[in-house]
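Here are my notes on the model you sent. Please read them with the structure open.

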Amino acid sequence: MLEKALSGSKLYYTLVLGLLALIGIGFLFYLNQLNVGLGVTGMNRDVTWGFYIAQFTFLVGVAASAVMLVLPYYLHDYKEFGKMTVLGEFLAVSAVLMCLLFIIVDLGQPQRLLNVLLYPSPQSVLFWDMIVLNGYLFLNIIIGWNVLSAEKEGVPPEFWLKPLIYLSIPFAVSIHTVTAFLYSGLPGRGFWLTAVLAPKFLASAFAAGPAFLILLSFILRKFTNFDVGQKPIQTLAKIVCYATIASLFLFFCEIFVTFYSQIPEHMDHKIYLFFGLDGKSALVPWMWTSVLVLMTAAVLLVIPAGRKNEYVLGLACIFVFFGSWIDKGLGLISGGFIPNPLHEVNEYIPTVPEVMVSIGVYAIGFLVLTLLFKVVVGVKEEVKG
Amino acid sequence: MENSRRRFLKIAGYSIIGVGAGSLLVGISPKRITAAPDAPPRYKDRPEALKAARWGMVIDTRKITSRINRNMQQVCHKIHNVPDFVGKLGAKNHEIKWIWPTPFKNAFIEQDAQFVSDHLKRTEIPVLCNHCNNPPCVRVCPTRATFKRESDGLVLMDFHRCIGCRFCMAGCPYGARSFNYRDPRDSGALTEIEENFTLRTKGVVEKCNFCAERLARGEAPACVEASNGALVFGDLEDPDSEIRKLLAENYAITRKAELGTNPSVFYII
């Protein structure tokens with residue numbers, strides 16, 4: 001099946017070469033970081049996790065969203081998702097791959113990575129995150145690839161895939177829950193110390209991930225012969241709509257608890273993010289943009305006429321994706337570290353090398369996504385004959 | 001062709017399950033999570049080594065002066081090869097500190113510091129690792145590179161095991177930990193090297209170790225010696241120790257007691 005990824009149009013080759021070039025540039029910046037140390041990033045003594053860990057957190061959500069296709073299709077026999085499910089699974093593969101790479105580029109001593117296996121420490125949430133992320137990655141590779149090859153051969157999928165598929169559903173929930181537990185179980189970090197962190201992560205994941213899938217299906221339809229059809233897109237649009245509303249609702253719950261109780265250790269992080277603290281306010285415009293675009297998207301999607309218009313739907317999906325990216329990819333991690341435990345405000349702004357390494361990791365993810373989707377499109381075309 | 005690929009995927013699947021189950025089994029084996037080295041101790045303590053069931057410190061803030069603060073930090077950072085990124089390179093982001101003076105309102109953010117004594121308003125007080133009895137940094141470490149020593153409750157680090165994930169820095173509610181964003185030797189932030197203490201590489205976390213290396217030689221922590229009597233060190237479990245007498249005679253508080261970390265550093269206000 002892999003041979004389908006080896007031949008394609010000029011546009012396809014240009015895309016692949018472009019991504020390879022970005023990977024190369026990112027890799028050079030990473031070598032420099034490896035040589036000099038994480039000092040090339042904008043991280044400091046207070047904000048000890050930055051852009052890398054934030055991207056990891058956001059992409060875990062994108063990866064988890066495959067379950068929004070798998071669950072209706074396999075548990076409720078919702079046939080409309082049949083054509084799309086493998087897209088969701090392969091998106092999960094590339095997203096989890098990026099997650100793992102973002103963790104690795106964030107390590108101070110990456111060559112000691114295997115110490116995590118050598119001295120397994122189940123009391124650390126990171127240990128469990130490693131297990132669920134790797135588990136979810138391999139589950140999706142095995143399931144997606146085997147279901148697709150069965151489709152190619154015109155035979156029903158292998159019987160042993162079923163339990164793996166069912167297993168992948170709790171795994172999808174667990175990757176984002178465990179990732180939220182990395183943060184929400186820390187004493188003295190008031191911004192993260194909330195039981196709604198995991199549900200909020202899941203809600204925004206089930207909004208941003210399917211929104212991205214809708215956009216990807218539009219792109220596939222424009223540049224290939226592969227059209228998933230109207231109905232699954234509309235169902236996904238409803239999922240995006242209610243997941244966005246749910247995540248906004250949980251956000252307002254947090255805002256209420258924080259600002260009505262008026263406990264400073266919980267309030268100050270949100271004050272920093274939305275109004276600035278001690279004259280430091282780098283994230284203020286971003287955070288308001290995030291809330292604004294997410295609310296706009298919720299309104300656009302909840303109105304049936306808006307959802308059914310593909311231009312409006314596309315715009316709303318861009319809003320949801322971008323708004324969630326700001327929320328998790330910029331605000332969530334810095335916001336938890338500012339102010340620091342001694343209530344001092346030291347801001348964090350990512351540096352150019354940091355962003356270049358991140359672009360490199362994203363390029364690896366998109367390259368894998370491109371190759372896998374190319375295989376999917378090839379197989380679907382062949383089957384259609 | 002198709003068949004061999006399928007077989008490969010199958011084998012790959014089984015081996016993943018195998019590795020996963022294996023690491024789980026290792027993970028739940030009844031080893032104490034507090035001890036870092038997995039091998040039995042091969043070295044005996046020196047006869048002069050200072051020992052305690054649980055080391056603790058009392059800081060009498062009434063006796064603290066800015067000169068004492070300065071002396072304590074200087075000697076601590078010198079004997080522990082702590083690089084001076086701020087003073088020598090002006091790199092505030094890469095600052096490394098084990099003990100440092102800070103205003104009362106920052107050390108005790110949970111206290112309403114508006115109406116504290118004039119002395120506390122004027123003088124900064126020293127903060128350092130609290131060597132918590134229930135340390136969150138140890139709980140979150142994915143390699144047990146930071147661990148609580150069972151024999152005396154010190155929270156220590158294995159600089160050669162640390163992978164630099166900085167989970168402990170997020171876990172510590174006191175900001176006691178620092179990260180080596182750069183190699184301290186290459187950058188010129190460390191000029192005099194103390195041969196009796198380990199050097200760190202880039203990419204690992206470090207913090208106060210209550211002078212474990214000095215205790216092993218029978219010496220009190222360097223900051224205590226430099227404190228002019230403002231800092232008292234001793235066994236919290238020994239009712240006859242000087243530190244326990246001080247705590248019995250004075251009302252002392254710990255930082256962020258509400259978090260349940262159970263610090264071993266007490267402050268007499």
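1. Helices (H or I, at least four residues) and strands (E, at least two) are DSSP runs, numbered from the N terminus. On that basis chain B has 10 helices and 10 strands.

2. This is a predicted model, in which local features need pLDDT of at least 70 and side-chain atom pairs count only at pLDDT 80 or more, while totals for chains, interfaces and linings use all residues. Residues are numbered from 1 along each chain as its sequence is written, and chains are lettered from A and ligands numbered from 1 in the order in which they are written.

3. Of the 269 residues in chain B, 43% are buried (20 or more other C-beta atoms within 10 Å of the residue's own, C-beta atoms being placed from the backbone). Contacts (C-beta atoms, placed from the backbone, within 7 Å) between residues at least 6 apart in the sequence of chain B join residues at least 24 apart in 70% of cases.

4. At the interface, 40 residues of chain A are in contact with 48 residues of chain B. Helix 6 of chain A supplies the largest share of the chain A side, 9 residues. That side divides into 21 nonpolar, 15 polar and 4 charged residues (nonpolar: Ala, Val, Leu, Ile, Met, Phe, Trp, Tyr, Cys and Pro; charged: Asp, Glu, Lys and Arg; polar: the others, Gly among them).

Technical notes. A residue is buried if 20 or more other C-beta atoms lie within 10 Å of its own, exposed if 12 or fewer, and partly exposed in between; C-beta atoms are placed from the backbone. Two residues are in contact if their C-beta atoms, placed from the backbone, lie within 7 Å.
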